[in-house]
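Subject: Structure handover, salt bridges

Hello,

Here is the structure I promised you. Please open it next to the notes below.

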Amino acid sequence: MTVQPPSIPRREPESDVLDGALARLASTSPDHAGGLSNHGPMVCEALLRLGRPDAVAPWLDAYMPSLEAAPGKGSPIALDEWAGALGQRRRYPDWVARFERELAAGPWADVVGGWAPRLVAGSMATAAHGLIRTAHATRAIEEAETPERRHELAAGLAYWASTCRPFGATPAPRGTGSASQALLGVPTLPLEERDEGLIFRGAAKASRLEGFTAAVDALRPPESVDRALSDLTRAMATWYLANRGHDPIAFAHGVTAPAALRLLLPFLPAGAASSAFAYVWQACMAIRSAFAVGCPLEGSVRELPSGEELVAAAVEIGGAHAIKLTEACLREQAIRPDAAYLLAAADAGRRLEV
């Protein structure tokens with residue numbers, strides 16, 4: 001069936017609302033509760049994109065008590081030591097200092113374009129939140145370059161760099177399968193080998209399965225990364241729906257991570273987009289392998305929610321993942337309409353309270 005893009009209130013994000021929220025969040029740690037990511041900056045930016053600046057302050061008032069204080073100031077990482085500092089969480093303050101220095105010295109777009117290709121291989125760590133946070137920050141600073149947004153971009157990049165942990169072999173799609181076909185062909189981590197814990201732990205375990213690398217590489221090389229991202233987000237939305245009663249949070253990241261990469265595409269240097277897509281594709285394959293129980297089933301859809309209904313439900317439930325997934329799904333739906341995006345967002349608005 002043909003699905004028309006939902007109608008969403010189109011109001012320009014208000015700089016004072018976002019900058020005020022980012023100023024409050026600047027004093028908080030990038031993670032909390034033993035390794036969970038701080039969703040505050042991403043959610044506040046997403047709420048504005050959904051046309052709900054009125055919801056930012058109440059949401060943040062409820063969320064701030066769960067956060068921890070930011071670590072102290074660091075010393076900028078030297079350019080000749082950056083590779084050795086990747087993936088070292090304790091170096092987060094030093095990475096912030098590094099990126100703040102670079103953002104003060106030159107165009108922010110050059111900083112994003114120079115570092116994203118270096119960091120994308122390790123995006124799956126922290127369930128891709130380094131990538132996702134950087135993408136939200138990039139969209140915000142593209143609209144208005146303020147001190148608060150510059151600091152948030154530095155923090156997003158620093159979180160990405162300090163948690164950067166590649167896994168599996170270097171992905172090299174060279175097969176003939178579509179995203180949906182390749183996702184069906186990846187081996188599934190046996191239930192008895194799974195354990196509750198961080199998403200990256202399960203993804204890394206899945207990447208060691210026999211046949212995982214071959215399944216990743218079975219994807220048809222994308223002629224257009226932009227179109228390939230639509231294929232991937234749509235496919236992962238169907239996997240979210242098939243596993244919504246089992247592990248919806250993991251599959252939510254299978255949509256929000258590639259949707260975040262799309263926001264960075266305009267700033268990547270020539271030739272870097274295909275490589276970046278391959279790593280995000282590998283991450284989505286690992287999510288499917290590590291957490292799937294059910295497989296997508298095609299079915300008829302009689303009635304779909306409107307954009308306004310989806311936004312209202314996400315704000316009402318208040319979960320960080322519901323808000324971020326709804327924003328990503330509506331954005332992807334506007335690019336290439338498909339019922340799966342609306343159905344995934346609708347489920348998130350009912351289910352994802354965190």
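The notes below cover the salt bridges. Keep in mind that this is a predicted model.

The count comes to 22 salt bridges. A side-chain nitrogen of Lys or Arg had to lie within 4 Å of a carboxyl oxygen of Asp or Glu.

**Arg149 and Asp19.** Their side chains form a salt bridge, with N to O at 3.0 Å. Arg149 sits in helix H8 (residues 147–162). Asp19 belongs to helix H1 (residues 15–25).

**Arg139 and Glu45.** The closest N and O atoms of this salt bridge are 2.7 Å apart. Arg139 is in helix H7 (residues 129–143) and Glu45 is in helix H2 (residues 40–49), so the bridge ties together parts 94 residues apart in sequence. Arg139 and Glu45 are both buried.

**Arg262 and Glu332.** Here the side chains meet in a salt bridge at 2.7 Å, N to O. Because Arg262 lies in helix H13 (residues 248–264) and Glu332 in helix H16 (residues 320–335), the pair ties together parts that are 70 residues apart in sequence. Arg262 is buried, as is Glu332.

Now the network. Which residues does it link by salt bridges? Glu45, Arg49, Arg139, Glu327 and Arg331. Arg139 and Glu45, the pair described above, are both part of that network.

Best wishes

Methods. Residues are numbered from 1 along each chain as its sequence is written. This is a predicted model: local features need pLDDT of at least 70, side-chain atom pairs count only at pLDDT 80 or more; totals for chains, interfaces and linings use all residues. Side-chain values use heavy atoms; hydrogens and water are left out. Helices (H or I, at least four residues) and strands (E, at least two) are DSSP runs, numbered from the N terminus. Buried means under 20% relative accessible area, exposed over 50%, partly exposed in between (1.4 Å probe, protein chains only).
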